[in-house]
Each structure stands twice: as structure tokens, then as C-alpha cells.
Amino acid sequence: MEVILLERVGKLGQMGEVVRVKDGFARNFLLPQGKALRATKESRTKFEGMKVQLEARNLEARKEAEGVASKLDGQSFIVLRQASESGQLYGSVSARDIATIITDGGFSAERSQIALHNPIKMIGLHSIAVALHPEVEAKISINVARNADEAERQARGEDVTRRRDEDEEDAATAAEAAALFEKPEEAEADQGNGADEKAD
């Protein structure tokens with residue numbers, strides 16, 4: 001399907017361009033959200049009449065987004081989650097969680113503005129892009145930690161994931177196994193005593 005873009009759409013084109021897109025993308029995203037019009041003669045005429053108004057609205061929205069981006073860019077947000085010793089989260093941090101955290105931090109952001117392709121599943125510092133406008137982007141840092149102290153240590157650059165060496169794990173496992181079973185000498189002594197008692 002051919003559509004006329006009413007605003008800049010990333011990886012697609014600039015305002016006013018006629019582009020070919022998949023029918024589903026146009027019907028489910030571009031048309032309902034007012035980002036495009038079907039490329040017909042009537043809509044081309046309509047777009048020419050709307051062009052000045054759309055450009056003015058776009059310029060105003062971009063200025064507003066740049067103002068927010070100047071404050072938001074470089075901000076760090078702490079997310080506390082439960083995780084294993086190796087740093088693997090019991091769950092994940094999604095774009096919706098990040099949007100909520102940014103909003104709680106005094107900025108307005110929607111889930112669709114968070115450029116997170118896969119949920120965060122490890123503790124650590126994660127750099128995330130926030131698309132405040134098709135032409136304006138801010139970078140934020142998400143500090144995922146198990147507690148506030150750990151988040152502070154991560155912010156200073158420490159690696160808080162504690163990984164025991166395999167040798168230590170093997171030694172610990174061997175010690176636990178030895179504690180569960182009796183020593184062979186003790187077992188033989190016990191059997192010998194039992195035999196003597198039966199003889200009496």
C-alpha cells in the first residue's frame with residue numbers, strides 16, 4: 001500500500017514522502033495513529049492544504065521534545081529487582097517498566113517511546129534511547145540492581161555479580177558430600193562391633 005507520511009517515521013521517510021509499506025503496517029499503525037494518509041489523488045490534495053499546518057505543528061512538537069531531551073538526556077534511573085548471585089534477574093525489566101520509572105522521575109514518557117528491543121534480564125548499567133519525537137532522542141541510563149547499596153556500587157563502576165570459581169564450587173560440593181556419608185573406617189568399626197555382639 002502506498003501512503004503519504006504526515007510526519008517523519010524512522011526508517012521509512014520524511015513528512016510528505018509517498019512510501020510503499022505493508023498493508024498491515026499501514027492499517028494497524030500508520031493510518032490509525034494519524035502518521036499517514038492513503039496515497040490517493042484526494043489525499044494528495046488534502047495533504048497540500050494541510051502541509052503548512054503540519055509543518056508548524058511538527059516544529060512546535062520538536063521544540064518541546066528538545067526541551068525535555070535537554071533535561072532527560074544523561075539521567076540515571078535505579079530499578080530494584082530480585083536476581084541470582086550471577087546477576088540473572090528473576091523476571092525482567094520491560095519498556096513499560098522503564099516508561100513508568102521515567103514518569104515517576106518527573107518526566108513524561110510512553111512505552112512506545114522506549115527503544116528497548118529485548119527486555120533487560122541482567123543486573124547492571126544499561127543505556128536506553130528514548131524517542132521523544134521522530135527527530136529527537138535522549139539517552140538514559142537504567143541501573144538494575146538487587147538493592148540501593150548495590151546500585152550505588154554499580155554507579156561507581158564496580159562489578160557486583162559474584163561468581164565463584166568452579167574449583168571453589170567443586171570443593172564445596174565435595175565437602176558437602178563427605179559430610180553426608182560416614183567415613184569408611186568408622187563404618188568398618190561399627191560392623192566389627194556388631195559381629196562381636198552377635199557371637200556373645
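Reader: Which residue in β2 stands opposite I4?
Author: V18 does. Strands are DSSP runs of E with at least two residues, helices are runs of H or I with at least four, and both are numbered from the N terminus.

Reader: What kind of model is this, and how are residues numbered?
Author: It is a predicted model, where local features need pLDDT of at least 70 and side-chain atom pairs count only at pLDDT 80 or more, while totals for chains, interfaces and linings use all residues. Residues are numbered from 1 along each chain as its sequence is written, and side-chain values use heavy atoms, with hydrogens and water left out.

Reader: Back to the strands. How many bridges join β1 to β2?
Author: 3 bridges, and the two run antiparallel. β1 covers residues 2-5. Strands count as paired if DSSP finds at least two bridges between them.

Reader: And how many join β1 to β3?
Author: Also 3, again antiparallel. There, L5 stands opposite A36.

Reader: What's the strand order in that sheet?
Author: β2-β1-β3, an open sheet of 3 strands with antiparallel pairing.

Reader: Why do β2 and β3 have a side without a neighbour?
Author: β2 (18-20) and β3 (36-38) stand at the edges with a single partner strand each, so one side of each has no neighbour in the sheet. On average, neighbouring strands here are turned by 40 degrees against each other, direction ignored. Axes are lines fitted to C-alpha atoms, for helices over the stretch in contact, and angles between N-to-C directions run from 0 to 180 degrees.

Reader: Which helix packs on the sheet?
Author: α2, which touches β1, β2 and β3. Its direction makes about 5 degrees with that of β1. Contact means heavy atoms within 4.5 Å.

Reader: New topic: K63. Buried or exposed?
Author: Exposed, with a relative accessible area of 58%. The cut-offs are under 20% for buried, over 50% for exposed and partly exposed in between, using a 1.4 Å probe and protein chains only. K63 lies in α2 (residues 41-72).

Reader: Which residues touch the most others in the largest nonpolar core?
Author: L72, I98, I102, I114, I140 and I142, out of 28 residues. Such a core is a set of buried Ala, Val, Leu, Ile, Met, Phe, Trp, Tyr and Cys residues joined through side-chain atoms within 4.5 Å. Elements giving it two or more residues include α2, α3 (95-104) and β9 (136-145).

Reader: How many residues are in the other core?
Author: 9, among them L5, A26, L30 and A36.
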